[in-house]
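Here is a friendly walk through one protein model, from its overall form down to single residues.

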Amino acid sequence: MSNRTPGLVCAHHHLYSTLARGMPAPPSAPTDFISTLQQVWWRLDAQLDAEMLYWSAALGAAEALMSGTTAIIDHHESPNFIEGSLDVIAKACADIGVRVNTCFGATDRWTDDGKLVDSVKPHSSMTNAAKRALAECDRYLTDGGRGMVGLHAAFTCSNETLEAATELAKKHTVGVHIHVAEGLDDAGAGERLEPIASDDWLLVHCVLLDRQLKGRIVHNPRSNMNNSVGYSAPTRRTNTTLLGTDGIGSDMLEEFRLAYARLREFDIKENPATVWAWLENGYHYFPEAREDVVVWSYDAVDDPWKLVFTTGVHPVDVIVDGKTVINNGMPTTFDIHEVRRKASEQAKRLHERL
Ligand SMILES: [Zn+2]
């Protein structure tokens, strides 16, 4: 019996989305996957500037650390603040003390004359926005940033953009981090990605994926339920599975419990060790997080059968790189009230623009 685990890893996050909570209701209520993107996420990300992004990422990182999550794989988009955006996220995470791997998700959904389209023809040309997004990934990685090459999703990218991202990822020997077949609009992603995907790609969601693709899959059960896109049933595939939140916080014990409940709904023969293994697969990207220590409020966190049925377990202490960053539930290196206050100011600015 132990009350300790290593630091937990969130394998798919959107730190830019932390300030979305409390945003004004969209002009029309989303009725499906594409309208959720149009009415919520593509309106929100277009309004982000450097200051909003910094405090969005800082609050997301602070909440991660206070949940025992010491490492985050982030996927970023801010179409009107591209150059330097990955540095802002990296700085916010460094200031809080969370490890991050980030990327800018390139997309052709913003045309060169500034119009937003909801799908992109495969044979169209790469847009300036996609070129700038890939250039930001290239710059950040060249400067020594920890990250991957990002793509939004196949259905908002031309083949030219998919191929350019593939080449850029090879140049930096990192994978591509991409949403795959999350909803109906992207159900054809498999056919387009099959010739280019490789084992180091991070394939997010794969709910409607119609074939085997090379890469690791990130499962985001709460987000998939929230978006009503269906169950991705990761156990039916042979890919390595990781666990993410898709931006809905980074409380990985909570995501573990939820992932287990959804898995058991699908297959009564399953057990919580399957889901715990998904969490541990995140250490591929952050091997050093295995040395981080989280002391929990519960003395059997090493028993998945007990942990999965015990709610309300929280970190008492968190030690990153040998340094105690959470002591008795409270951060030692930043003032959480200050972070919340600054984030709330930026949320107000952001919401006024929507
Ligand atoms: Zn996502």
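## Overall form

Buried residues make up 50% of the 354 residues in the protein chain. A residue is called buried if 20 or more other C-beta atoms lie within 10 Å of its own, exposed if 12 or fewer, and partly exposed in between, with C-beta atoms placed from the backbone. The model is a predicted one: local features need pLDDT of at least 70 and side-chain atom pairs count only at pLDDT 80 or more, while totals for chains, interfaces and linings use all residues. Residues are numbered from 1 along each chain as its sequence is written.

A compact globule of 354 residues would have a radius of gyration near 20 Å, and the 19 Å of the protein chain agrees with that. This radius is taken over C-alpha atoms, and the globule rule is 2.2 Å times the number of residues to the power 0.38. Along the principal axes, the C-alpha atoms fill a box of roughly 60 × 45 × 40 Å. Among contacts between residues at least 6 apart in sequence, 72% join residues at least 24 apart; a contact means that two C-beta atoms, placed from the backbone, lie within 7 Å.

## The parallel sheet

The protein chain holds 11 helices and 14 strands. These are DSSP runs numbered from the N terminus: helices are H or I with at least four residues, and strands are E with at least two. Six of the strands, in the order β5-β6-β7-β8-β9-β10, form an open sheet with parallel pairing, where strands count as paired if DSSP finds at least two bridges between them. β5 and β10 stand at the edges with a single partner strand each, so one side of each is left without a neighbour in the sheet.

Start with strand β6 (residues 149–153), where 5 of its 5 residues are buried. Strand β5 (residues 105–106) is joined to β6 by 2 bridges, with Gly105 partnered by Gly150 and Ala106 by Leu151. Between β5 and β6 the chain passes through helix α4 (residues 128–142), and this β-α-β crossover is right-handed. The term means that, with the strands pointing away from the viewer, the path from the first strand over the helix to the second runs clockwise. On the other pairing, β6 meets strand β7 (residues 176–180) over 4 bridges, and His177 in β7 is the bridge partner of Gly150. β6, helix α5 (residues 159–171) and β7 also make a right-handed β-α-β unit.

Which residues of strand β9 lie on each side? Arg216 and Val218 are on one side, Ile217 and His219 on the other, and all are buried. In a regular strand the side chains alternate between the two faces of the sheet. Ile217 stands opposite Leu203 of strand β8 (residues 202–205), which is joined to β9 by 3 bridges. Ile217 also stands opposite Thr241 in β10, and β9 pairs with strand β10 (residues 241–243) over 3 bridges.

Leu208 sits in the loop between β8 and β9. Leu208 counts as buried because it has 20 C-beta neighbours inside 10 Å. Not counting residues up to four places away in sequence, Leu208 touches Ala181, Leu184 and Ala187.

How many residues does the largest nonpolar core have? It has 106, and Phe256 is one of those with the most contacts inside it. Such a core is a set of buried Ala, Val, Leu, Ile, Met, Phe, Trp, Tyr and Cys residues joined through C-beta atoms within 7 Å. Helix α2 (residues 50–65) gives the most to this core, with 11 residues.

Helix α8 (residues 252–266) includes Phe256 among its buried residues. Beyond its neighbours within four places in sequence, Phe256 is in contact with Leu243, Val275, Trp276, Leu279 and Val308. The cover over the buried residues of α8 includes β9, β10 and α9 (272–280).

## The antiparallel sheet

Another open sheet has 5 strands in the order β1-β11-β12-β13-β14, with antiparallel pairing. β1 (4–5) and β14 (330–331) stand at its edges with a single partner strand each, so one side of each is left without a neighbour in the sheet. Strand β13 (residues 323–327) pairs with β14 over 2 bridges, and Asn327 stands opposite Met330 in β14.
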